[in-house]
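Welcome, and thanks for taking a look at this one with me. Please have the structure open as you read.

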Amino acid sequence: MKIISYELFQVPPRWLFLKIETDEGIVGWGEPIIEGRAETVGTAVRELMEYLVGKDPLRIEDHWHLMYRAGFYRGGPILMSAIAGIDQALWDIKGKYYNAPVYQLLGGACRDSIKVYSWIGGDRPSDVGAAAKEAVEAGFTALKMNGTEELQMIDSYEKIDQAVERIAAVREAVGPYIGIAIDFHGRVHKPMAKILAKELEPYRPMFIEEPVLPENNEALKEIAMATNIPIATGERMFSRWDYKNVLIGGYVDIIQPDLSHAGGITECKKIISMAEAFDVAAAPHCPLGPIALAACLQVDATCYNVFIQEQSLGIHYNQGSDLLDYIVDKSVFKYKDGYVKIPDGPGLGIEMDEERVRELAKVGHHWRNPVWRHKDGSIAEW
Ligand SMILES: [Mg+2]
């Protein structure tokens, strides 16, 4: 079997889909994307596919190393997301070739379903109590929200109080045992992160996420010493080599590799397994589309230390288009009592609605990250 061609589809709300075709008629789908840089990642995919057209799609491990190592320069969000999408599509082809779900080819499942969480509150969280209640009524047993809006390196206790009030409102609305994850989104710097984490403890969060930016990961140690809340990070880390120091340092409790950003199925399976040896859990990041989520679920099935999966149904980014719009059988992502079953169809276990993909690729998107500024005019982390 040979790869003969490929196509990219830039579709709303902010995604990029890749279709790889083979001479045996088997096609594979991947989702190579960095949010806000779809065109750039698309260009990287085109450069990498030069090596792969004409090759056997089943030699995934070799193709991965060619894409990662043979370019001399490596790592980072653009290249690793391009590799990720290609890798997903190759696994989709392999699964269809062997008529098996990807998880079977990765060693088989160690679970039948995985807990999912729902986003509430958006970028500027307000009225989160009502949103939390709604999500719980829809069956979710875990939620995630942003902890704060913009916060300067040293900021006022007023903003800390506002953040605490919002989380208190959610805890009050959902009762004591619903999981509440609080994403600091890299908006909080070390001095305020220590204060905020401590103040949130009484509300027993499931975890705090990116309490500092990943380039400041050494600061996690100090934050971990200031709180007993589990610390999660990793959506902006792209390979085993990015993860090794946080694992060795013992700074994290939960890693969050993104199957569309961190080298795909091949690399994320390895990252998560590496974390298992440090007694660190995993919660793959996925505010993205259906192919990315399907890839996550295949890996979740085979990794003992994955305990929950992010998913984007109804997320604040999905304006106009949502997770289910591009797949034929929408029941694969049906959530029951806060869990989703591991899809067991061949490949990634989803069937893309290609007609719909083509139609919406004509609409496209021009999604860019919001630019926030502090009151004094300086750039704020979003
Ligand atoms: Mg996050």
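Predicted model: local features only at pLDDT ≥ 70, side-chain atom pairs only at ≥ 80, totals over all residues.

**The metal site**

- Three side chains coordinate the magnesium ion: Asp183 through OD, and Glu209 and Glu235 through OE, at 1.9 to 2.3 Å.
- Along the sequence, these donor residues follow the spacing D-x25-E-x25-E.
- Asp183 belongs to strand β6 (residues 179-183) and Glu209 to strand β7 (residues 207-209), so this pair ties together parts that lie 26 residues apart in sequence.
- Both Asp183 and Glu209 are buried.

**Helix α3 as a whole**

- Helix α3 covers residues 77-97.
- With 21 residues at 1.5 Å each, α3 should span 30 Å, and this agrees with its end C-alpha atoms, which are 30 Å apart.
- Because 17 of its 21 residues are buried, α3 is largely enclosed by the rest of the structure.
- Just after α3 comes Asn99, which takes a positive phi of about 50 degrees.

**Gln88, a residue to look at within α3**

- Gln88 lies in helix α3, and its relative accessible area of 0% is under the 20% cut-off, so Gln88 counts as buried.
- What does the side chain of Gln88 reach? It reaches the backbone oxygen of Leu259, at 2.8 Å.
- Leaving aside residues up to four places away in sequence, Gln88 touches several others, among them Trp29, Gly30 and Glu31.
- The contacts of Gln88 also include Leu259, Ser260, Ile265, Ile291, Ala292, Ala295 and Leu348.

How values were computed. Residues numbered from 1 in each chain as written. Heavy atoms only, no water. Donors = N, O, S within 2.8 Å, 3.2 Å for Na, K, Ca; no water. Helix = DSSP H or I, 4+ residues; strand = E, 2+ residues; numbered from the N terminus. Buried < 20%, exposed > 50% of the residue type's maximum accessible area, 1.4 Å probe, protein only. Polar contact = N/O pair within 3.5 Å; in protein donor to acceptor, adjacent residues only side chain to side chain. Contact = heavy atoms within 4.5 Å. Expected span 1.5 Å × (residues − 1).
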